[in-house]
Each structure stands twice: as C-alpha cells, then as structure tokens.
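Hi everyone, thanks for coming. Please take a look at the model on the screen, and then we'll walk through it together.

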Amino acid sequence: MKLLRSLTWRTMRQNRARSLATLAGILLSVAMFTAVTTVGVSVWDYVYRATAEDRGDYYICFPRLTQEQRDRLLTEGNLREAAECRNLGYLRFAYEGNAGYAVDPIAAVDEEYFSAQSVSTSLGRLPENDRELTVSMAAYRYLCRQGYDLGDTVELTLYDRLPLHFYEELVPDPEEVAFTREYTLVGVLDYGIFFSQENLINDGENQQLQTACLTRMGAGDQPIWYRIYGKTADPRAVYDLQNGGYGETILNDALLSVCGAGSDGAFPLSLGAIYGALIGVVLIAAVWVISNAFSISVSQRAREFGLLASVGATRKQIRASVFTEAAILYAMGLVGGLAAGLGLSWLCKALYGSWLEGQFSLGGTTPVRVVISPPALLLAAGISGAAVLLSAWKPARLAGKMSPIEAIRHSEETRKLPRRQGIRPWTYRLWGLPGVLAKKYYAVHRRRYRSTVASLAVSVSLLLCVWTGCDMVTSAAEASWDLHTADFECFALAGSEGMPQELGDYFARVEARPEVEESCRFVSRTVSMTVQAESLSEPYRRYLAGTGPEALPETGEILVEAEVVYVQDGALEAALAQQGLSLDPSKALVLRQRYTYPDTVDGRTRTRTVEGSPFADAPGAVTGRVGSKFDIMQRAAEELMPGKSLLWDGEEHIGPGGESYVTFLEFGGAGTGELDHTYLPEVAGDQLRLYAYDPATGEAAAQPDLEMDIGEPLTLTLGPELENAPLGVQTKNSLTLIYPLSALEGEDVEPHLAIRVSRYASMRSYLGEERRLALLQVNLGTRETGSRIFLPDYTDYLENEASLRGTLALVRGLSYGFAALIALLATASVFNTVSTSLLLRRRDLGMLRSVGMDAGQTYRMMLSESVIYGVRALLWSVPASLALCYGFYLWSGAVNHIDFSMPWGALGIACFGVLALVLATTVYSVARLRREVPMEAIRSDGI
Amino acid sequence: MDILRTENLTKRYGQGDNAVTALDRVSFSVEKGEFLAIVGPSGSGKSTLLHILGAVDRPTEGKVFLNGQDVFAQNEDQLAIFRRRQVGLIYQFYNLIPVLNIRENITLPVLLDGRKVNRRRLEDLMDLLDLRGRDDHLPSQLSGGQQQRVSIGRALMNAPAIVLADEPTGNLDSKNSRQIVELLKDSNRRFGQTLIVITHDPAIALQADRIITLEDGRIVKDDKVQ
C-alpha cells in the first residue's frame, strides 16, 4: 500500500496540470461551502444582535417579582444569564404646559442590565453607583428648569407606587408612601427600550409614563418590586418558566424567533431554507466538477491501473489509490478553500453589509460583521469532504473494475468508433483535415466531453435564467413602484388638520428655500367606483386590462379604481401647454362609488347567493378586484375609530355555512396583531352601513355599527394623455386623472406640497430640522394650537427610489454572484476536462506532428473540437433555458403585467463566454504540448 | 552524392550528475539511394539517432544536413513540412493514429500537405502492402504485422527522400519480418529512396549496403557490405 501511495503521489506530481485543476475545483467548492455557511452564520449573528439591540438581549422578562420570587428564580430557574432591575419608587414631575404630571420610575440596575438592554446616554454617562442617577430627557428638561444640571446633587421625592393603583397586589396598603433620596445627576438617557418595557406595566394610555431614570443597585435598596431579564441555555426552556409561579412574564418573541424558538419560527426556517438550497446547489455542482476531475484522472491512469492489476494489484488497492489522490488533494485544498471562503465572506460583507444594516436596523447601530464560527467551518469542511468522497467514489469503482488488458492497450475508446470511419470527399472539403480529425476525436471522447458539455450548458442556463429572472424582477418591481415626479412631498401629520394657517406657513417657508426649483400643491385621492365599461377611454381600458385577474368586459357595469390628483391651478395647464395640448371637455366619465358585500365565489365569477343574510338584497354584484376600495374606507375608519390600528384585508373567506364573504374592515387591538372586529358592509342608497360580523359563526349584528355617506355620483372629464405629469403625480403604477385644485373649492382638504430641488442633501437636512424642531416644541409643550398639534413631515422619494433600486441591485448582484460562482466551478471543470483530454492525447498529437502536422493544423483541429462541444453545449442550454425563462414569464409575467424580452445581452455573453473559454483552454493546452518535441510526446505513453 | 550528413551529433538527457549522453559527437554521411543499417546493443543511441534524423527529436549539439540544408535551422512549421515531405519514419511500435482508418493513416502526410491523394500510388501501395480490403479498418482491428505495413505505407506514400525505420521487425514473427524487409528493399530499389534501418537482426543488416555500429552513443564501426 505504501508503494501505491507513493505511486499516486508521483503520478499527481507528474500530471501537475490535471492535479492543479482538480485542486482548483476542490478549493472552489470548499470556498463556496465556507462562504455560504459563514455568510449564513454572519447574517444570523447580525439579525440576532440587531434584534437584541432593538428589543433587548434576553429571552424572558419577569417584570414584577417579589423578593421571594426573585430569590427562587435566581436559584432554581436555571437561567444562563440574568440581569436585574429594581424599582425603587416613582418620581412625579409637573411638566410645564401639561395639565397632569409625569411619572418616572427610578430603576436600580446591575452591570448585566446594560448588556441585556442597550441603554446609552445622549449626555453624560450611565450611573456607576447607587448615588448616581441617569435621567430621562423629559426629566432632565424639568430639572434644568429647576436650576439643576449634570454634576449637581439633587434631593428627589419618590413615591412607592403609581398614582393609578396598579399594584394593589404587591402593595396592599392603600396609603401611598413618599420618601426622599439624594442623587448626583450624571447623564441623560438616549434610548427607548427601557421606556417601552415600562409601557408594559401601565395601561398603555397614560402616555406620560414613558420615561425612566436609572441608578445602580445598592445595599440599602428597598425595592418595591424586582424585574429580571433572563436567558436560558435552551431558548425553548422559557416556556416552562412561564408556568413556574413567577407571575407575569414577557417573552422577547423577536429574539426567540431568531433563535428558532419563537411562536412562529419563521425567520430561522426561511434562512435555513435559503441556505439549505444554496448548499444543495453548491454540493451538486461541486460533486459534478470534482467527480469529473477524478474520472479524468482515472482515464489518464488507466494504463497504470491496468499494469498494476496485471501484476496482482487488487480492486481494493486500485480503489484506494484513487481515494488516496482524493484525500491528498482535499487536504491541500481545504486550508486554501477555507481561507478563500472567509475572503469571499468579507467581500460579501463589504458589498452588502451596509444594505443589510439598512434593512434590519430599527434605529439601532449594529454593524454587520463576519463571524468566523468553528462549527460553521467544520460544517463546510465536512460537507466538502463528503463532496470529494462522493466524487471519487464512482471513478474509484470504475478504476477497480477496469480490464487490465483493455487498460494497457488503451483500445477501449477507439472500439466505440463506428466501423466505417472513411473520410468522404465532401466532408473533407467542408471541414478540411483538421476538422475531420476533430470530429473523429470528438466521437471517440464523447463520453469524456459529456461532462464538459453539461458544465457549460448548466452555466449558460444559469446565466440566461438569472439574467432573465433579474430583468423580470426589475421590470415587475419598477412597474409596482410609486415613482414620483417630485423629490420630496411635504405634508402635515395626521392630527394637524384644521390648521390651514400653520400648514400654509410651512409650505411658504419650504417654497422660499433656495434649493427648491419647482413646487406644486396637490391633493391625491384614490376612488373606487362602478362605471359603464363601454364609456372607458382606450388608455384607461388598456390600464384596467392589465390590472385585474379577469378579462375586462366590453359592456356593462364594472368596478374601477381611479387615482385622482388635484394639482395647483396652472400646473395642469402648463403641463398640457408643454405638449401643445388643451383640456378636452367632450370626454366625460361618470363614476359612482360603490362597495362590495358578501358573495359566493364560483370559479372566477362572483354571484350574490348568500341566503339568510341581512345583505341578501344589497344592490349590484361587481366584478374586478374587491380589495381596491380601501383607500376611501381607511380614511373614514380612521376618523371613526381614533386610536385603533387598522388591518386591511381584501381576502375572501368561506363562512361556516359555506357562504363566502369579503372581509371589509377589520379593526385590530393596538400592536397586538389580533383582530378585534370584522365588519360586513351593506349599501343602501347613498349610505354605507357596516355591521359587526363574526366570521366563526357567520352572523352579523342586527344594527350597523357605522354608517357612512357614499356621496353623489362623480363626473370626471377625461383629457388627453400627458407625457410629463405635473409635480405630485405618480409616474407609474396607475392611470391618474388630473384636475385643477380649484375643483375642490369649498371642501375641507389638506393639500400636500411636492417639490423638486437642486441640492438634495441640503433640502433633506432642512426638512428634517423643521420636523425635529416641531417635535421638540411639542415635547416642551409650547407648540399647541387649540386641541390640535401641528407636526410637519415629508416623504423622501429620492431616497425611497434609491433604496428600491439598491434592493434590486442587491438581488441582481447576489444572483449574478451565485451564477458567477457556479460558472467558476464550470470553468474549472471545463479547463480540467479539456486540458487533461489533450494531455491524454499527447501521444496522438506527437504522432501527428511526427508525420508533418504543423502548428496551424494542430490549432485548427483542437479549436474545431472545442467549437463542436461549445456549440453542442449552447444548442442544449439556450433553447432549454429560454423555454424555462418563458415558462417562468408565463407563470409570473402575466401577474406582473410585464413583457417578455429576449435576453440578447445574456445570449451574447453566453456564446462569447463559452467560445472564449474553450478557445483559451485549447490554446493554452496546445501551446503547452507544442513546447515539447514530438518524440517526447510519443514516448510519454507508458509508466 | 551525399543526401544526408551529420556533424558531431550529441544528445544528452538530464542535467548535471544525472546527465546521460545518448549520442556522443556522431558524424557520418549517407549517399542518395543507399540502404544503411544501424546496429548496436540496447541503449547505444540507435533510436535517438534515427529520431533526430527524422526531425522528431532535437540534438543537444551538432547538426544534420539534408541535401546540404541544415535541418534544425528551420522553424517549427518548416520542420513540420520537412517531416511530411522529406522523411518517412517507421516506428517499432507503429504509432498509427487510432481514430483514422488504414487508408487515412497511409494518406495522412499527403492530406496534411493539402495535396490531392494520388489514387494510383495508394492502390499500388495497398497492393504492395497486402492491405487490400482493409481500407476502412481501424488500427486496433489489425494484427501487429498489418499495423507495421500500414506504418510503412504511411512512410512511403509521400515518396520521401529518406525512409527511416526503427526496428521495423522488432515486434514481428520471422515470416512477417521477411515480408517487411523485402518491402523496404523493394521500395528502396523501385523509388530510389535512401533507406536507414535500425535493427538487431544480423540477417537484415547484412542485406544493407552499409552497416554502422553504435556503442555508447559513438560510431565504433562503419563498414560497407560486400
């Protein structure tokens, strides 16, 4: 066996080019596995840390513990990490301008608390002992007005309870106790996590209880209650602790989800699925390439194996020789591959790190980092080792089964040639001798070239599919974007209504800025209504035809959705004049608002067959997209249900009686994600009535909860199509009807202001400052107008668009990167096959040269051969991948309303790439062979 | 008249202490139409000499002149043309192209030269070599003697000035050996070609016009056969 190992080693050294190509394949495979696992771990690590920063680095919180519970939890709770926070009492500050007063709990925390909760300061520092206090911004402002500043010692009055009697259980004495403590002010807190945690112990309505002050735990503390933030060794163990008799518990579900122990577990599942798929594809590609390399190695060593077998080597020994080669190459490729994989991971981080930070960082500052995880590296090494083993398996068995005499004669391949191999005169004239020889050699080595053809075909297919897929995704995404003609849109936040003066002043300030090149005030509305299909203009019909799931009827009443934008007087006329157009009052479209109601889905046709329902007699069935009327409804609902969050759902549901209904309005509890109410609508004349509906029983309330006025039919005059819409009008995604703002005269509307600017950064800074100042004034209670608060805000369309394009670029980059990696593997495979195939034919080439074949003829022969398999690969892959792309288009394109475009660019690159690759490999190999004199090549056939 | 002349031909393999000298300053000349036999023990440099004469190997030192022209002063493409037009090389192990059939193997030098195959000459050769009916066979489908005859056909097809044969009967039985030697002699006579044969067989050597004996890469004897 030692001799065989030595022989294997010597053969590898002798055939350095083949060994290097195989090594390159193994190295690339290890690198890809390493990159996939390392990037996976790094992404997980980033999401974990970003979530921990945002939601706290703990699995479970015990918000109100007695001392006995606290002690029991710390001794019996099996917590891996525990951070403690003690409530010492409550400060009550009468803030200026507010009718009531704020309640700030003082929390004494331990060192671990700062790890579990990412608390930082905006001024000063965090407390270091139990006499120091870091206060909230609101408390700081209050204390400043009292003449204190950081570094001062202040005597504070603390109360032992909230004024709202939340803690009767813990503090049965109804009399509240006040006491004083001295603290040195050392800092101002700058993070909301603690506050949001505090929110969990109040009723969610006392908005002033959102602040806290921190000190450190001391020996003399007399806590009112204790709070523990804990982590268990197994995240799932927190569910046992919930029932451990510790009272109320709060799970950090976001972090538990990241750990795969959340209630849904969606994140690790999806991440795992993506990486599983990636590893699967890489594994297949790697096994393919490496297996190909070993097959070639076995072919090259066939004579050697034959001779060994003829002198008594067993099959096992010959197989061992192949596995020895695999082991040596794997050992050599492992270290380099791991290093290259880590390098790739760094590259990914450099390219996409900031994008990832933008996607997940919810106000935090967590940076993406490459995590060098030994288990991940071990996994990569293990998988690639398995890939090498799998790859060597078949060739090793083949080597073991080889007939000694066939191997020695090397005649197996030529036996596959058809018996008649004569050169027909026309063939010779057409191809020339080099071409005919190439054809013959291709026929002989067809099997060896099969993997080359397949490698090339897979790479080409991948490139074409990725290219077309990215194009389709880009087109679909761009079609769905709300691209605006404006750079910014300024408006007032909800709650600002009724202050036209404040808003007008704000707009005037913005318009006066030197950065503003163009501005336009506008009001945008989305209206859904029924319309006679035959009255639709051709452009609107085209638009509608592309938006609905069903064919647009030629006649009859249909539901349509219209974007109606009222632009500042003069802006529409100016846009029309730019095109040499004017308003055409002859084209009128009568629209009437109408709503859907419960119906039954019968295939693609909806009919009204709900029996026993109070809505059975509601007028008019509709076709089209039922979800398209919610913009109108949302406004009404917000007005009617202030303080509630709304969840919109246009889905159809099947009730217990088999009837189908459309969830029309659903009101959810604040932040819980659970639905409180489902309403069903009824249209009665010009009134819309909403009845509380129970989907479980299918019953609706007898009396409506809400009634709304639908309004009079609306007549819109359609003008010509505009190429350049005025500012404020979306450029895509909908057909928009544009009218002068004066058409809304008399209505109580809040216009928005669209602006186009010359200096983006400067304007954004200005608008941000306007918003910040307004918020500050609100905080200080000095910015009130009656019962309303004016809050200016803006939408940054340029940034949105850049972000959308960035996301697309990332998807494109990742896809191309992945395709490039597979192409790299394929390149290694092709290079390996072609160069080794040529080396195996050294002797033949030597013989041909010895009878007078010159360099040009040699190149022509080899290039013809390369072109044969290159073209063959293209012939297989191009139609197959185009069919695949078209299938994908048919599947997804029809939904996204995009046109299929031939990927000419990708086709060009693929054809050029394939030919360039085979050309380069051939030229390299032939050049190498031609460096030796013919006799050396002829002599090479033997051990 | 000398058709071939060598001057101080030296061939060394390896370098330094491992260097082996296969040919050591070999100089001789051959007349046009002469039948020269080169004999000598194994490892004496016979094959190396023949391969250098056929321009399929390069000397470390020294020169080869054919018709007064320095063979190795030519570039690689000129050497290729030289090999296909001026030299017919017959190897001990035939060295046929496995993917080409018999007819294609024989006509290969002509096809490489881009010339039209002389059908009459091909037919004559096929008759002479007793390969009739095997035109479309691949080399792997022939016996050793038949393969050697094909390799002779390939060497003679282009009517080269010199035919070089490296132990052409080394792998053949006595009957086949006799036939091959007769064939070569016949060709030598009929086409006036210069024939240089390497052989271990004294009987074949004695049929030559002249015998050169090599030992350790040097000419130790150069005799005319009476």
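Before going on, a word on the basis. This is a predicted model, where local features need pLDDT of at least 70 and side-chain atom pairs count only at pLDDT 80 or more, while totals for chains, interfaces and linings use all residues. Residues are numbered from 1 along each chain as its sequence is written, and chains are lettered from A and ligands numbered from 1 in the order in which they are written.

A residue is buried if 20 or more other C-beta atoms, placed from the backbone, lie within 10 Å of its own, exposed if 12 or fewer, and partly exposed in between. Helices (H or I, at least four residues) and strands (E, at least two) are DSSP runs, numbered from the N terminus.

Back to strand S8 (residues 194-198) of chain B: five of its five residues are buried, so S8(B) is largely enclosed by the rest of the structure. Who are its partners? Strands pair if DSSP finds at least two bridges between them. Strand S3 (residues 35-39) of chain B pairs with S8(B) in the parallel sense over four bridges, with Leu36(B) opposite Ile196(B). Strand S7 (residues 162-166) of chain B also runs parallel to S8(B), joined by five bridges, and here Ala165(B) stands opposite Val197(B). From S7(B) the chain passes through H6(B) to S8(B), a right-handed β-α-β crossover; that is, with the strands pointing away from the viewer, the path from the first strand over the helix to the second runs clockwise.

Now to that helix. H6(B), residues 174-191, has an axis that comes within 10 Å of the axis of helix H5 (residues 144-157) of chain B, and the two cross at roughly 10°. Axes are lines fitted to C-alpha atoms, for helices over the stretch in contact, and angles run from 0 to 180 degrees between N-to-C directions. That makes H5(B) roughly parallel to H6(B), since the label covers angles under 35 degrees, with over 145 roughly antiparallel, 65 to 115 roughly perpendicular and the rest oblique. Among the residues making the contact are Ile152(B) of H5(B) and Leu183(B) of H6(B); contact means C-beta atoms, placed from the backbone, within 7 Å.

Elsewhere in chain B there is an open sheet of four strands, in the order S2-S1-S4-S5, with antiparallel pairing. Strands S2 (20-31) and S5 (69-70) of chain B stand at the edges with a single partner each, so one side of each has no neighbour in the sheet. S1(B), residues 2-13, pairs with S2(B) over eight bridges, and Leu4(B) has Val30(B) as its bridge partner. Helix H1 (residues 46-53) of chain B packs on this sheet, and its direction makes about 125° with that of S1(B).

One more helix: H3 (residues 102-112) of chain B is mostly covered, with 11 of its 11 residues buried. Just after H3(B), Gly114(B) takes a positive phi of about 75°.

Finally, chain A. Its secondary structure comes to 25 helices and 28 strands, and 39% of its 943 residues are buried. Where chains A and B meet, each gives 28 residues to the contact. On the chain A side, H22(A) gives the most, with five residues. Thanks, everyone!

Conventions: Two residues are in contact if their C-beta atoms, placed from the backbone, lie within 7 Å.
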